[in-house]
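User: Could you take a close look at one part of this structure for me? I'd like to start with a single residue, its surroundings and its contacts, and then go on to a few other parts.

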Amino acid sequence: MSGILGIDLGTTNSAAAILEQGAPLVLPMSDGRYTLPSVVALREGHILVGEKAKRQSISNATNTVFAAKRLMGRSFADPQTQRAIDAMPFTCIGGLTGDVRILLGGKPLAVEEVSALVLATIRKAAEQHLDREIRRAVITCPAYFNDRQRQATRDAGAIAGLDVIQVVNEPTAAALAHGFHQGAERRVVVYDLGGGTFDVSVLKVGGGAVEVLATAGDAFLGGHDFDNRIFDWLVAELGAKHGVNVAEDPDVSQRLREAAEAAKIRLSDAPRTNIAIPFLTTLPNGDPLHLDATLDRTLYESLVSDLIERSVGLFRDTITAAGLTPADVQEVLMVGGMTFTPAVRARVQELVPCPPSAGVHPDLVVAVGAAVQAGLLTSDSSASVLVDVTPHNLGLLTVAGLAETVIPRNTRVPTKVQKRFATVSDGQQVVKLVVYQGDSRKIAQNEVLGEFFLEGLRPAPRGEVAVDVTFAIGVDGAVAVTALDVETGKAKEFRAVRGTAKPEGELAEMLTRHQQLLLTVV
Ligand code: AMP
């Protein structure tokens, strides 16, 4: 019995499990369901979390926060942040430190605080079910999360009063849930299609360890996009039949979206489904408009085939990035509610020779794995060794404003790489080193970790004076960069600050605010 809660803090839904007498127990939420929508709302002075928040989102769109994970540990200026915000009906602003603040009832909350409300709700449900206090947790995050995003996840746990023992990669957790760390060495691909995101990871498992060989993802590909395709089809059908644009009305849109998602889920079990909403809206002539449409699997699959192909493209690329071919893959693990979709399973099976794994519920497998890892952390025997790879390129900004990669993504850590650079102008005595993390050739699209200068170089024609730059990533993921003047042996070191480096007292302030918010949770 580890007493450590395993939590899958998801974009759309979250879940929790704990090891009881050596077996993982998935914990029910207060309404008896095994997953909690990662949704937080403010309504009439009260905070709602989970199902209650999701259910009222139609009538309270600007004060209902969902998919906060997309903003976790990101700066406000980050193009991914802006893209996520554009699709969200609630308002986000830039914080004092360049972070993202979400307006709830006009008050700015950090993304960590919103996630903390989800975590606190999970913690409370677990405590009620187990009838004991829970203080420690293992929380999962996507394998591509960078240091900042992982630290934000830890901070969210801390605000919820949890001591976060470890932040574990979601695919690693999925493999642990299947017991893949035990037994012979195998190559496993984790295909994770959730409500808002797609992640694919290639793992080497067995011999007590799980190693991430390669990972990739699309933060804007998930169940919502599939729902949207059905939604667009319904809007077009109604437009053609009745000459109205129902998408203009937010309430009608929300009801159509919910009907679209429900139809999508039914189509996983049935070849066709009826979508009916009586009195959807009123036509210009005053007549009521009743929606009554039939969608079959063939049409549905044609509406979403490009979305499935996008995931398949990344799936292939990631296997290649791991230095493998599809024939080398011995297991495919399906994670996320969307992998119930027959067309998704069929397409994946076309690519790899083995059948997609069954056994652990795709929606709960990550939480179960987090509980298994919590158990491994507390057991003194055969502790699992989790080996990681760098999720992003790390490098330097060149004079031309381009990003020069020093450590490419998917490199195993710990690692150390040295590159030689030369001066670029005559008489240059100082070099400025801008360290970035990210995968774009354009520096503006990457995250700058920091900058430093190496001074006192010998004035000489350009290209004559050499500077050796060494990038090192430690076991804990911390990045250190050293610049060495080869002629004089003079060196300067830069250490990337771990995490968000929140201004002093900010976390304490958030903790206090969290306690106040908790009082208003209904
Ligand atoms: P997750 O983020 O893993 O909880 O996945 C949630 C997504 O899975 C949502 O988009 C759901 O609509 C979708 N989903 C859940 N169950 C099914 C199902 N049986 N068939 C297809 N999609 C599903």
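Analyst: Threonine 273 is buried in this predicted model, with a relative accessible area of 6%; buried means under 20%, exposed over 50% and partly exposed in between, using a 1.4 Å probe and protein chains only. Threonine 273 belongs to strand β16, residues 272–282. Here strands (E, at least two residues) and helices (H or I, at least four) are DSSP runs, numbered from the N terminus.

The side chain of threonine 273 also makes a polar contact with the side chain of arginine 266, at 2.6 Å. Such a contact is a pair of N or O atoms within 3.5 Å; within protein, one must be able to donate a hydrogen and the other to accept it, and residues adjacent in sequence count only if both are side-chain atoms. Setting aside neighbours within four places in sequence, threonine 273 is in contact (heavy atoms within 4.5 Å) with Ala263, Arg266, Leu267, Ala293, Thr294 and Leu295.

A word on the ground rules: residues are numbered from 1 along each chain as its sequence is written, and side-chain values use heavy atoms, with hydrogens and water left out. As the model is predicted, local features need pLDDT of at least 70 and side-chain atom pairs count only at pLDDT 80 or more, while totals for chains, interfaces and linings use all residues.

Now to the ligand. Helix α7 (residues 250–266) gives the most to the shell around the ligand, with 3 residues. Of the 15 residues around the ligand, Asn13, Gly195, Glu261, Lys264 and Ser268 come nearest; a residue counts as near if one of its heavy atoms lies within 4 Å. An N or O atom in the side chain of lysine 264 is 2.7 Å from a ligand oxygen, and for the side chain of aspartate 363 the distance is 3.1 Å. The protein buries 86% of the 500 Å² that the ligand exposes when taken alone, with areas from the Shrake-Rupley method and a 1.4 Å probe.

Lastly, let's visit a sheet. β8, β9 and β10 form, in that order, an open sheet of 3 strands with antiparallel pairing, where pairing takes at least two DSSP bridges between two strands. β8 (92–94) and β10 (107–110) each have a single partner strand, so one side of each is left without a neighbour in the sheet. β8 is joined to β9 (residues 100–104) by 3 bridges, and isoleucine 93 has arginine 101 in β9 as its bridge partner.
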